[in-house]
Amino acid sequence: IEISLFLSGLNVHGMTFKEILFLIEAFLTFGNPLDLRNRIIIDKHSTGGVAGNRTTPIVVSICSSLGLVFPKTSSRAITSAAGTADVLEAITNVELSRKKLLEVLKKTNACMIWGGGLNMVPADSKLIKIEKLLNIDLEPLLLASVFSKKLAVGSNYILIDIPFGPDAKLDKKTAKRIGRKFKKLGKHFKRKVKCVLTDGNFPIGRGIGPMLELNDVISVLDPTKRGPEDLREKALMLSGKLLEMSGKVKKGQGKIVARKVLDSGLAFKKFNQIIDAQGRKKLKLKLAKYGKHIIAKKAGSVSQMHNKKINMLARILGCPIDKAAGVLLNCNHSDSVEKGQIIMTLFAESKERIKQAEEFIEKEKPFKIV
């Protein structure tokens with residue numbers, strides 16, 4: 001009850017910058033941070049809100065294959081269809097002991113785990129749990145949560161992806177303000193921080209939901225497959241920025257080097273090494289029991305693919321609890337479609353969830369054809 005009242009107070013009144021600093025310091029005081037000692041440690045974070053925006057496993061694999069240390073702690077979904085931890089949990093163990101984590105880092109230079117399981121910032125985990133139940137997204141808690149976790153793993157170079165747009169979680173004005181605050185936090189804590197404002201108007205990739213997003217990630221990493229181009233290009237851009245920030249490559253060469261690493265298969269090899277080191281699950285990556293095609297009722301152009309509504313649709317289908325549930329997009333914004341063409345395919349573990357999803361589409365219209 002007290003935590004709910006505190007978060008409700010934040011929702012109404014916000015926090016001053018000084019109060020955010022106090023909250024970060026309090027998180028760290030009562031946590032158990034890692035000590036990786038005098039190493040160049042890189043990290044990235046997305047403020048979220050974009051359906052299918054699963055760049056993290058690709059970025060981690062590219063950068064760590066070049067020798068950079070990348071201890072990535074990720075969250076579970078709060079309001080979206082899946083967080084990075086939800087996605088990777090479909091294929092590997094994301095809850096590691098501190099001893100196991102250090103072993104994985106020593107062996108692979110990287111990890112991709114759930115941030116709430118190591119007691120590094122336990123107070124943050126408790127607040128986020130209640131924030132999720134209240135279905136709110138608080139800016140002061142976002143800033144304090146992200147930065148305290150980066151400090152807890154000893155990150156020196158931090159890249160923040162801030163998607164914005166009418167259909168994203170943040171508008172451009174808010175995105176710029178949050179970016180300025182992250183940079184201010186970096187200056188205060190003597191960390192190099194770079195913020196990238198990205199287009200958050202439409203979903204990225206084809207899959208929305210843990211297993212579907214994992215399939216997208218693997219299809220981008222595997223050089224024998226052709227994954228979604230928008231997911232690939234964004235991951236390359238972010239990887240390039242991190243490589244340049246850390247001094248690993250010269251300015252202007254980051255994306256070129258990242259592309260070579262991805263195309264060569266080195267990143268895919270590193271991804272599999274990390275997955276195996278954390279504990280690969282011996283499960284077949286199959287989708288949910290029931291599927292349903294959503295068909296275009298007329299020919300035209302897709303004028304809108306609404307991020308928030310697509311995320312809500314995936315949650316109605318069972319995400320992120322049902323790993324194999326979700327939405328597979330067969331087209332996206334500005335694509336031309338013919339009458340009778342498949343717009344998307346719904347996946348769920350029950351017929352009732354499929355029916356509820358169809359009713360949601362009819363009422364809320366998450367996409368438009370003009």
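Select Ser155 first: apart from residues up to four places away in sequence, Ser155 touches Ile41, Ile42, Asp43, Lys150 and Arg191. The model on display is a predicted one. Ser155 sits in the loop that runs between helix H7 (139-152) and strand S4 (157-164). With a relative accessible area of 0%, Ser155 is buried, because buried means under 20%.

Next, select helix H2 (residues 17-29) together with helix H8 (residues 172-188). Their axes are 12 Å apart, and the two helices pack at an angle of about 60 degrees. That angle makes H2 oblique to H8. The crossing in which H2 passes H8 is right-handed. To see the contact itself, display the side chains of Phe17, Ile20, Leu21, Ile24 and Glu25 in H2, which meet Lys181, Lys184, Leu185 and His188 in H8. The residues of this contact comprise five nonpolar, one polar and three charged.

Now turn to the largest nonpolar core, which has 48 residues. Colour Leu7, Ile24, Phe147, Ile160, Phe182 and Leu185, the residues with the most contacts inside this core. Helix H7 supplies the largest share of the core, eight residues.

Centre the view on Phe147. Leaving aside residues up to four places away in sequence, Phe147 touches Ile24, Ile158, Phe182, Leu185, Gly186, Phe189 and Val193.

Finally, move to a second, separate core of 47 residues; select Ile62, Leu236, Leu328 and Phe347, which are among its members.

Methods. Residues are numbered from 1 along each chain as its sequence is written. This is a predicted model: local features need pLDDT of at least 70, side-chain atom pairs count only at pLDDT 80 or more; totals for chains, interfaces and linings use all residues. Side-chain values use heavy atoms; hydrogens and water are left out. Helices (H or I, at least four residues) and strands (E, at least two) are DSSP runs, numbered from the N terminus. Buried means under 20% relative accessible area, exposed over 50%, partly exposed in between (1.4 Å probe, protein chains only). Contact means heavy atoms within 4.5 Å. Axes are lines fitted to C-alpha atoms, for helices over the stretch in contact, and angles run from 0 to 180 degrees between N-to-C directions. Angles under 35 degrees count as roughly parallel, over 145 as roughly antiparallel, 65 to 115 as roughly perpendicular and the rest as oblique. A crossing is left-handed if the near helix is turned anticlockwise from the far one by less than a right angle, and right-handed if clockwise. Ala, Val, Leu, Ile, Met, Phe, Trp, Tyr, Cys and Pro count as nonpolar, Asp, Glu, Lys and Arg as charged, and the others, Gly among them, as polar. A nonpolar core is a set of buried Ala, Val, Leu, Ile, Met, Phe, Trp, Tyr and Cys residues joined through side-chain atoms within 4.5 Å.
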